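Please keep the sequence and the structure in view while reading.

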Amino acid sequence: MTNALDAITHSMQADLRYLETVSQNMANVSTPGYKRSIPSAQAFDDALQAGSSAHLPSDAMHFFHAVDLSPGALQQTNRTLDVAISGDGYFEFSTPDGPAYGRAGNFQVDATGRLVTPAGFAVQGQAGDIVARGAPPLIDQTGHVMQAGEVIDRIKIVRFENPKDLVKAPNGLLVPNDGSTQPIEVSPELQSGYLEGSNVSPMREMIAMLETARHFESAQKLFQGYDDVLSTAIRKLGEF
Amino acid sequence: MNDSLYIAATGMQAQQTTIDTVAANLANVNTPGFKKGRVSFHEMIETGADLAATTSALPAASMGIAIDAVGKDFTPGQLQQTGRQLDLAISGDGFLEVTLADGSRAYSRGGTLQITKDSYLADAHGQVLKPAIYVPSNTQSIKITNDGKIFVQLPNQAQPTEMGQIELVQFQNPSGLRQVGSGTYQPTEDSGEAVYGKPGTLGLGTLVQGSIESSNVSLVDEMVTLMTAQRAYELSSKVAQTADELMSLTNNLRR
């Protein structure tokens, strides 16, 4: 008896989590450099077995998000400090929690002259932070940062042996999950004046959303049917 | 309760801000010296404190989309020749320093200059240029050279007289400037300190007399942004509707 209810509850919880992921993807459909979250959960049977002993069904289910690292389309912005990477590779940023990575190339210069992201994290070059005091800097196709005709530094771009290890960190950045995958430096071509867009496909998210909503509705009907069965049983048996 | 609803709400809010910025830009597509607004976003994720303890990657909680900043894009606009001697534009980077009515310093990109009743050179709003350039009332013509020297031609003089030298000002991060009036900006801690220099030196632009800088708004870019923002808003609203539907289904579990 409890198993049926458990199964329905698990199903509905999974649907809600799925919708959350779809919602996150849809909200970020035009965020530069955004990578789609792919929701996945462990096998339903396993969760059910574990769930019958857990206090709350949701504790037992392990949801994990894979990140879809396929590149987004390039948008031309004609802004001198917008850069996009052609091919594989990630920019490295310095954050208070260590190095983080991303593909969003909408950089700007802060008050001290450092090349930073809009959130304020410093873009890493071959020699650490890139500081361009004075005239506005330019970034060329090989990643060299030029100021008044002279090369100040070169933007550091890395790739990972095992990209599946990357997870999402705050502020739209990616970090390696447990440090098992090491970054390797590469030198791809950069496009100046272009920005990589989000890799979300609205159509795919829309279909996932419809599927989830109907699945949830089915679970609801199951629940109501089960409720009816219980109600009938109580009445009939109570007539004795 | 239902996180999807709140995430969708952040999505709609973000697109609303984008559309507001586009509207302001389109309204000023012909305003001389106008600098277009630019919104930047990033994804919001909240990481739990116990994230490090888990080996299977329990996800950080998705929170939607956040707005980084609504800043101004200081890409120079195109110069239009007008031929009027009091029209001054800066070709390249840099700002002119002006003095506001309350005595504080502000910066502008030029425009149509005027001569105040005290005979000083001022910008279109009557804010006097710094250093103050005195223009005698019997001046026949004014010439401003590319490197900022101002000459006036007085009657009964064979050669024009030099009345002063304008310096241009540069900021580390112009997007951090705060707008205080139409085309007038003041520095903030995000923009950095003002760095002075002669026009044409240190990466500063040159002065061009007889030209006006037009708005740097690109009609095509703004229209495309408007269309995508509208559709993105619609997408998030569909998610909000679905979340609402699911909540309604949940409420009707027990008939």
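**A buried glutamate at the interface**

B:E43 counts as buried because its relative accessibility is 4%, where buried means under 20% relative accessible area, with a 1.4 Å probe and protein chains only. The model is predicted, so local features need pLDDT of at least 70 and side-chain atom pairs count only at pLDDT 80 or more, while totals for chains, interfaces and linings use all residues. Residues are numbered from 1 along each chain as its sequence is written, chains are lettered from A and ligands numbered from 1 in the order in which they are written, and side-chain values use heavy atoms, with hydrogens and water left out.

**Surroundings of B:E43**

- B:E43 is found in strand β1 (residues 37–46) of chain B; strands (E, at least two residues) and helices (H or I, at least four) are DSSP runs, numbered from the N terminus.
- Not counting residues up to four places away in sequence, B:E43 touches A:N28, A:T31, A:Y34 and B:I65, among others; contact means heavy atoms within 4.5 Å.
- The side chains of B:E43 and A:K168 meet in a salt bridge at 3.1 Å, N to O; the term denotes a side-chain nitrogen of Lys or Arg within 4 Å of a carboxyl oxygen of Asp or Glu.
- The side chain of B:E43 also makes a polar contact with that of A:Q24, at 3.1 Å; such a contact is a pair of N or O atoms within 3.5 Å, and within protein one must be able to donate a hydrogen and the other to accept it, with residues adjacent in sequence counting only if both atoms are side-chain atoms.

**The interface as a whole**

- Between chain B and chain A, 51 residues of chain B are in contact with 50 residues of chain A.
- The area buried between the two chains is about 4,300 Å², of which carbon and sulfur atoms give 57%; buried area is the accessible area (1.4 Å probe) that two parts lose on being put together, summed over both.
- B:E43, B:Q172 and B:L253 supply 17% of the area that chain B buries against chain A, more than any other three residues.
- The count between chain B and chain A is one salt bridge.

**Nonpolar cores**

- The largest nonpolar core has 23 residues; a core is a set of buried Ala, Val, Leu, Ile, Met, Phe, Trp, Tyr and Cys residues joined through side-chain atoms within 4.5 Å.
- Helix α2(B) gives the most to this core, with seven residues.
- Apart from this core lies another, of 20 residues, including B:L100 and B:V152.

How values were computed:
Buried < 20%, exposed > 50% of the residue type's maximum accessible area, 1.4 Å probe, protein only.
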